[in-house]
Amino acid sequence: MGSHQEREENGGAAAEGQDISAPGSIHNFESLHRLLEANLKPPIFQEVSRLLLGLNCGRPLQRISLPMAATTLSEAHNFDLQAFCFHADAEFLRQQQIVRVGLIQNSIALPTTAHVLDQKNALMQKVKPMIDAAGASGVNILCLQEAWMMPFAFCTREKRWCEFAEPVNGESTQFLQKLARKYNMVIVNPILERDVNHGETIWNTAIVIGNHGNIIGIHRKNHIPRVGDFNESTYYMEGNTGHPVFETAYGKIAINICYGRHHPLNWLAFGLNGAEIVFNPSATVGELSEPMWPIEARNAAIANSYFVGSINRVGTEIFPNAFTSGDGKPEHSDFGHFYGSSHFSAPDASCTPSLSRYRDGLMVSDMDLNLCRQLKDKWGFRMTARYELYAEMLSKFGCFGTVIPAVSLIKKAKADIKCLKL
């Protein structure tokens with residue numbers, strides 16, 4: 001990819017003529033990986049990469065050359081474009097199950113003060129070249145970032161941002177359905193959902209659009225943060241869809257939305273339900289979560305023997321009215337810098353480098369889904385897990401950590417029923 005090589009030679013910074021000290025860069029580099037590559041001798045860098053990124057089937061992750069149509073779009077619209085391949089060992093009884101998967105990260109397109117419709121339309125036009133690049137690259141499954149059709153306004157507690165909410169079959173879904181049909185691509189569409197069938201309730205939802213433009217299903221965010229500037233429960237509460245796994249034309253996928261990545265049992269449930277790829281569309285800032293970002297999803301991929309696609313938006317979003325948070329800081333008008341760094345993790349502990357910390361980006365990966373079962377066979381995590389012990393322990397815990405033995409709960413329920421009869 002010529003554009004990538006040009007950036008590598010330029011220290012990984014933005015293309016010529018742009019400000020290379022962009023907010024979010026690491027000493028003018030787009031990512032830690034590019035900083036290390038530019039400053040370490042090749043043999044040392046190779047060893048450092050092995051320790052940081054792991055090995056896939058005993059060798060470093062291989063880059064993929066993408067079609068010129070994709071790289072041309074990357075250069076014309078200034079988005080980071082990277083592509084890699086996860087291999088699996090050859091098997092006697094199964095053919096390869098290779099699927100090409102894509103992740104898109106982006107900043108907002110207009111100031112948060114612009115008209116809601118203008119912001120939505122601008123975001124669709126901003127993201128479309130990246131979707132076109134994914135289509136030109138033959139991507140089978142594509143996932144966008146959390147609440148991609150709006151600024152991440154859930155820090156403000158202002159209800160007017162509910163205007164960005166839309167029904168499952170709203171404008172973003174209709175926009176993506178056309179592209180799904182055009183490119184024969186499954187697309188995951190994370191939005192702020194307005195549930196028009198149940199009292200206009202608002203949810204944080206991911207819609208799975210099939211490769212024929214059909215809606216396969218939805219998943220609503222299971223875990224809602226209440227930390228720092230994350231005031232999301234002002235807008236929506238915990239979802240009611242459980243841990244669905246969606247059977248697509250290209251593999252079994254699930255969506256662990258944002259804050260759910262901090263809950264190991266959430267990851268576990270998607271694995272137990274048969275997921276082969278779990279997407280984690282997110283919106284998170286560096287000061288709060290960046291040390292955890294390369295660890296949690298990778299650990300989930302290892303522990304649950306599936307692939308993980310981690311997506312984070314980029315940029316700093318300024319809001320018209322200052323707001324306060326739960327950590328005692330003075331009032332402020334922005335959430336902080338969304339550090340991008342989208343990447344893939346594999347069940348064998350290998351992972352891709354990250355996309356840019358400050359530019360839009362498309363990450364593409366070929367993955368042989370046979371690797372999922374191969375790692376289950378190798379480590380035996382599913383066979384050696386003691387689910388009956390975990391279930392017994394969990395049954396003793398009620399809300400907010402109160403220990404309530406299961407037997408006591410049953411006795412209380414029976415007593416309550418007896419009282420009602422009297």
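Helices (H or I, at least four residues) and strands (E, at least two) are DSSP runs, numbered from the N terminus, and the expected span of a helix is 1.5 Å times one less than its number of residues. With that in hand, we can walk through this chain. The model is predicted, so local features need pLDDT of at least 70 and side-chain atom pairs count only at pLDDT 80 or more, while totals for chains, interfaces and linings use all residues. Residues are numbered from 1 along each chain as its sequence is written, and side-chain values use heavy atoms, with hydrogens and water left out.

Let us start with the whole. The chain has 13 helices and 17 strands. Of its 422 residues, 53% are buried, where buried means under 20% relative accessible area, exposed means over 50% and partly exposed lies in between (1.4 Å probe, protein chains only). Contact here means heavy atoms within 4.5 Å. Among the contacts with a separation of 6 or more, 70% join residues 24 or more positions apart.

Now look at helix α6, residues 171-183. At 1.5 Å a residue, its 13 residues should span 18 Å, and the end C-alpha atoms are 19 Å apart, which agrees. Its buried residues are Ser172, Thr173, Phe175, Leu176, Gln177, Leu179 and Ala180. An α-helix has 3.6 residues a turn, so residues three or four places apart point the same way. The cover over the buried residues of α6 includes helix α5 (116-136) together with the strands β5 (186-195), β6 (201-209) and β7 (215-220). Just after α6, asparagine 184 takes a positive phi of about 55 degrees.

Helix α5 is also the place of alanine 122. This residue is buried, with a relative accessible area of 18%. Leaving aside neighbours within four places in sequence, alanine 122 is in contact with Ala109 and Leu110. Leucine 110 is twelve residues away along the chain, and its C-alpha atom is 6.9 Å from that of alanine 122.

For another helix residue, turn to leucine 272 in α7 (residues 264-272). Leucine 272 is partly exposed, with a relative accessible area of 42%. Not counting residues up to four places away in sequence, leucine 272 touches Arg382 and Tyr387. Arginine 382 is 110 residues from leucine 272 in sequence, yet their C-alpha atoms are 8.7 Å apart.

The strands come next. Strands of a sheet pair through backbone hydrogen bonds, either parallel or antiparallel. In this description, two strands pair if DSSP finds at least two bridges between them. Strand β2 (residues 80-86) is mostly covered, with seven of its seven residues buried. On one side these are Asp80, Gln82, Phe84 and Phe86, and on the other Leu81, Ala83 and Cys85. β2 pairs with strand β1 (residues 62-63) in the antiparallel sense over two bridges, and there glutamine 62 has cysteine 85 as its bridge partner. β2 also pairs with strand β17 (residues 361-368), in the parallel sense over seven bridges.

Elsewhere, five strands form an open sheet in the order β10-β11-β12-β13-β16, with mixed pairing. Its edge strands, β10 (246-247) and β16 (343-345), each pair on one side only. Within the sheet, β11 (residues 252-255) and β12 (residues 277-282) are parallel and share three bridges. Isoleucine 253 stands opposite isoleucine 277 in β12.

On a 1 Å grid over the protein atoms alone, a cavity is a set of points where a 1.4 Å probe fits but cannot get out, and a pocket is an open set with protein on both sides within 12 Å along at least five of seven lines; lining residues have an atom within 4 Å of a point. Grid points are joined across faces, edges and corners, and a volume is the space filled by probe spheres set on the points. The largest pocket holds about 480 Å³. It is lined by 19 residues, of which Leu32, His33, Leu53, Pro294 and Ser354 are the closest to its centre. Helix α9 gives the most to this lining, with five residues. The search of the whole structure also finds one cavity of 30 Å³ or more. The largest cavity is lined by Ala147, Trp148, Met149, Met150, Phe164, Ile191 and Leu192.
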